[in-house]
Amino acid sequence: MAFGSFSSDDAAPMAEINTTPLVDVMLVLLVVFIVTAPVMTHAVRVELPKASTTVVEQTKQPIKLTLQAEGGLLDDQTPVQPESLDARFAAAFAADPLTEVHLYADKTVQYERIAQTMAAAQRAGLTRIGLMTSGENAAK
């Protein structure tokens, strides 16, 4: 028998493995798999709508400002004075309130200049301001 006797004659330890807990665990796992298997294979048929996509051409041109390391400011490759930005932003907002401002800055430009440029755009009402890290107009 797997269990020892009450007699003191046999003092040797029990050498048989008790497999009852192992069988219990295996039966519980079998029941769990039997119950969950139909749930995992259940599928719901969904009728998805069909849509066609077309390329939308962007007709609006964003304002591309480049802040250079030596202190220069370029508006789409043409030099501008920082004082004239307020008027430029106000005119852009009057033309289209959703005008985007793409701000390119050299990595050595102080953040104060970037913040002042963004604040000028916000004062004019422009809220779509993007800080660009690379691209065709990136500062060199």
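Contact, as the word is used on this tour, means heavy atoms within 4.5 Å. The model is predicted, so local features need pLDDT of at least 70 and side-chain atom pairs count only at pLDDT 80 or more, while totals for chains, interfaces and linings use all residues. Residues are numbered from 1 along each chain as its sequence is written, and side-chain values use heavy atoms, with hydrogens and water left out.

Begin by selecting Leu 73, which is found in strand S2 (residues 73–75); strands are DSSP runs (E, at least two residues) and helices are DSSP runs too (H or I, at least four), numbered from the N terminus. Leu 73 counts as buried because its relative accessibility is 6%, where buried means under 20% relative accessible area, exposed over 50%, and partly exposed in between (1.4 Å probe, protein chains only). If you leave aside the neighbours within four places in sequence, Leu 73 is in contact with Thr 66, Leu 67, Thr 78, Pro 79, Val 80, Gln 81, Pro 82 and Leu 85.

Next, select Asp 106, in the loop between strand S4 (100–105) and helix H3 (111–124). The side chain of Asp 106 makes a polar contact with the side chain of Thr 108 (2.6 Å); such a contact is a pair of N or O atoms within 3.5 Å, and within protein one must be able to donate a hydrogen and the other to accept it, with residues adjacent in sequence counting only if both atoms are side-chain atoms.

Finally, select Val 32 in helix H1 (residues 20–40), which counts as partly exposed because its relative accessibility is 41%.
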